[in-house]
Protein chains: 2
Amino acid sequence: MDLTEALHRAEQLDAEDPLARVRERFSLPDGLVYLDGNSLGALGSSVPAAVGDAVQRQWGQSLVASWNTHDWWDAPRRVGARIARLVGAADDEVVVADSTSVNLFKALVAAARLRPGRATMVIEAGNFPADLYIADSVADLLGLTVRRVDPLDIGSSLDDDVCVVSLSHVDYRTGRAYDMAAITRAVHDAGALAVWDLAHSAGALVVELDDCGVDFAVGCGYKYLNGGPGAPAYAMAARRHHATMRSPLPGWTGHARPFAMEGTYEPAPGIDAMRCGTPPMLSLLALESALGAFDGLTMPQVRARSLSLTTLFLDLAEEHLVAHGFEVVTPRRDAERGSQVSLNHPDAYGVVQALAARGVVADFRHPDIVRLGFAPLYVRHTDVVTAVRHLVEVVEAGEDRDEQWVVRATVT
Amino acid sequence: MDLTEALHRAEQLDAEDPLARVRERFSLPDGLVYLDGNSLGALGSSVPAAVGDAVQRQWGQSLVASWNTHDWWDAPRRVGARIARLVGAADDEVVVADSTSVNLFKALVAAARLRPGRATMVIEAGNFPADLYIADSVADLLGLTVRRVDPLDIGSSLDDDVCVVSLSHVDYRTGRAYDMAAITRAVHDAGALAVWDLAHSAGALVVELDDCGVDFAVGCGYKYLNGGPGAPAYAMAARRHHATMRSPLPGWTGHARPFAMEGTYEPAPGIDAMRCGTPPMLSLLALESALGAFDGLTMPQVRARSLSLTTLFLDLAEEHLVAHGFEVVTPRRDAERGSQVSLNHPDAYGVVQALAARGVVADFRHPDIVRLGFAPLYVRHTDVVTAVRHLVEVVEAGEDRDEQWVVRATVT
């Protein structure tokens, strides 16, 4: 299928797509093909007014009374419950708080403490670097050993010394999705607890935390959830752990009686114990408004659209990009794929820069990955074809090897 | 001086006040006397447009490129440098990150690790509760003992087993200010490190972290800095510790080469090592804009205005409030006072509620404290007199004992 035919086919797919109009819930710059929603999600149309209201009417007019009158106090739980519905958890199992790394720290310490006498944490070797750093720090503080493994070999790494296994649901570089149900089962069979990072799956894949028996999960608000730059993250803990889990970051908002200002910490019942300090309310209310983009959608619908986009891209990549020096890194099987496609290319940095100059935003991951995210709520099938066309043209014109990119690459 | 005379005197003080017009840098509701800026600072006039720009133009139009084009990446350092100038630190000693509690966790662990072989942390017994909880958690993780002391007796609690001393510069309940220079000197004489919480002093008092030789400090963005609800907090580390301090929360933004996505953590040089995850940018840019309210002011000027306000309040309290059952908790000596005045009253909760119904916002601290904050950038001398008048009238009319407050007090 040449690219002109592909464009017609894409237009047809968009026309038939039951979710096509969901794009109207976002404000995207005209003419831009935005394939970096897995780094920073697009701005929801409702968000500017919601943030303006939070600033001017709530903060500006009601001031400190807003903690009650505008229900700021409950926002971490209220927004947590909305996220819970997107990731297959119960409303009372998710709370919004802190950053993903800080939440992972809490979850790893809490999980390890629930398995005393076991001294090994198993971590996905290719996990997002911060997840590795946090795991190393937790191990250092608790006197544990970290075993870094390939998730595909997880079985052979599990023994009765393992307290916690920590993985990302979707690999941030390759876009590979792991089998949460099977891995969590294996982890439990070994008597350990499973902690999942949903940064690259929540909001794009069908995530079934409770059905998979996941113990703890963390995730990020600003990728497929579109919560805005550095939006607060979330922490999930299965209800069965609520009574016994203990966070290493006991803050006043996670106290059983936060306003009694007691000198000794007593965790709030339930998921509130994963709260710590006062949440950044403007960013949190932006996230809340952004989540409205999911209203009326089911995650299987969202996932179907994501797969339709990535399948089209993969089909075209095989036909048009492999011959231009690109190698597809992302698995071809639907069940093994997140919502992104990653391509290896020797001039990956230059390719991404040249694409951006043509109005196609993807991102570069060191040292040689071009990462294209297909955020299922607003990327169109026609965007897929446009991206492929520009990738071909960039390489054919040698724009990826333009010396301005080479210079910049050395300083990044 | 009766309250009519006092009002004339206050009008005169406001008229002569070189900082009187600074109030115009804020948007405050008409007719409200806002004495809770030590809980949530007022909205700066520049903030709505700054946040609107961050949402619509930066996030909405430039999307992920904003990390470079709008310099989001450097915002934690850029805003940190502005705060540094308000607290007597060098620009490269302060970074904005996380919440106060999370920063205290980093600072306490980092400080304790710099004094290996010493196993006691000394903590102010009346510290903000979350500071106590965090200290207990740090002690638990590092195998230390916590000694809770009265800061006025700090000398007798220091010995060669003490690694870290952690105090608040101003007590959140009583408004007492501690002598940072003398206490830090005593801590150093004992071979320990000093960690100060500036939540209730930064932006209102003259804080001289470097002149006092402070090792680490943390503070909050949403009180006298007016950064908005839950604004990100900040962490200060003296330059002499930069090369050796080690944060227990190593995130990707605090890595020496954050974009190389390396599997092993290597701290960024300098204060950047206190960064962790991606910062909540909308809240952070609100804080940045809010700090503009300090432009052109010196902290001695700000402090002089604060003292003028609290002195007037204390004078009137002695004359008009003590007879109505109020007891002044806050020290009378200027050097021992923050920017708030706290009153004990048996019906403190009812007093605060009745005041609010009259348009005077103060706050209640369990079990019997009425806390009145005199944010020096926007509270007027006339507000002081108005507050005293309402306090008198509330008690004379028995409004503090209205049964609606009694009912609510039991459920709070």
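The model is predicted: local features need pLDDT of at least 70, side-chain atom pairs count only at pLDDT 80 or more, and totals for chains, interfaces and linings use all residues. Residues are numbered from 1 along each chain as its sequence is written, while chains are lettered from A and ligands numbered from 1 in the order in which they are written.

**Chain A overall**

- Chain A holds 13 helices and 15 strands. Helices (H or I, at least four residues) and strands (E, at least two) are DSSP runs, numbered from the N terminus.
- A compact globule of 412 residues would have a radius of gyration near 22 Å, and chain A agrees with 22 Å. The radius is taken over C-alpha atoms, and the globule rule is 2.2 Å times the number of residues to the power 0.38.
- Along the principal axes, the C-alpha atoms of chain A fill a box of roughly 65 × 55 × 45 Å.
- Of the 412 residues in chain A, 57% are buried. A residue is buried if 20 or more other C-beta atoms lie within 10 Å of its own, exposed if 12 or fewer, and partly exposed in between; C-beta atoms are placed from the backbone.
- Take the contacts in chain A between residues at least 6 apart in sequence: 73% of them join residues at least 24 apart. Two residues are in contact if their C-beta atoms, placed from the backbone, lie within 7 Å.

**How the two chains meet**

- The same surface serves both copies, as 100% of the contact residues of chain A recur in chain B.
- Chain A gives 64 residues to the contact, and chain B gives 64 residues. On the side of chain A, the elements that give two or more residues are α2 (47-62), α5 (100-113), α6 (129-142) and α9 (281-291).
- The most comes from α2(A), with nine residues.
- The side of chain A that touches chain B has 39 nonpolar, 20 polar and five charged residues. Ala, Val, Leu, Ile, Met, Phe, Trp, Tyr, Cys and Pro count as nonpolar, Asp, Glu, Lys and Arg as charged, and the others, Gly among them, as polar.

**Two helices of chain A**

- Helix α9(A) is mostly covered, with 11 of its 11 residues buried. Among them are Met281(A), Glu288(A) and Leu291(A).
- The buried residues of α9(A) pack against β3 (43-44), α2, α4 (75-86) and β4 (94-96) of chain A, and also against α2 (47-62) and α9 (281-290) of chain B.
- Helix α12(A), residues 381-396, has 16 residues that should span 22 Å at 1.5 Å a residue; its end C-alpha atoms are 23 Å apart, which agrees. The expected span is 1.5 Å times one less than the number of residues.
- Buried residues of α12(A) include His381(A), Asp383(A) and Val395(A). The partners that the buried residues of α12(A) pack against include α1 (3-16), α10 (299-321) and β15 (369-373) of chain A.
- Just after α12(A), Gly398(A) takes a positive phi of about 70 degrees.

**Strands of chain A**

- An open sheet of four strands runs in the order β11-β12-β15-β14, with antiparallel pairing. Its edge strands, β11 (327-328) and β14 (363-365), each pair on one side only. Two strands pair if DSSP finds at least two bridges between them.
- Strand β12(A), residues 340-344, pairs with β15(A) over five bridges. Ser342(A) stands opposite Arg371(A) in β15(A).
- Strand β7(A), residues 162-168, has seven of its seven residues buried.
- Strand β5(A), residues 120-124, runs parallel to β7(A), joined by four bridges. Met121(A) has Val164(A) as its bridge partner.
- Strand β8(A), residues 193-197, also runs parallel to β7(A), joined by five bridges. Ser168(A) has Asp197(A) as its bridge partner.

**Backbone details**

- A cis peptide bond joins His366(A) and Pro367(A), with omega about 0 degrees. Pro367(A) sits in the loop between β14 and β15 of chain A.
- Leu63(A) has a positive phi of about 50 degrees although it is not a glycine. Leu63(A) counts as buried, with 23 C-beta neighbours inside 10 Å.
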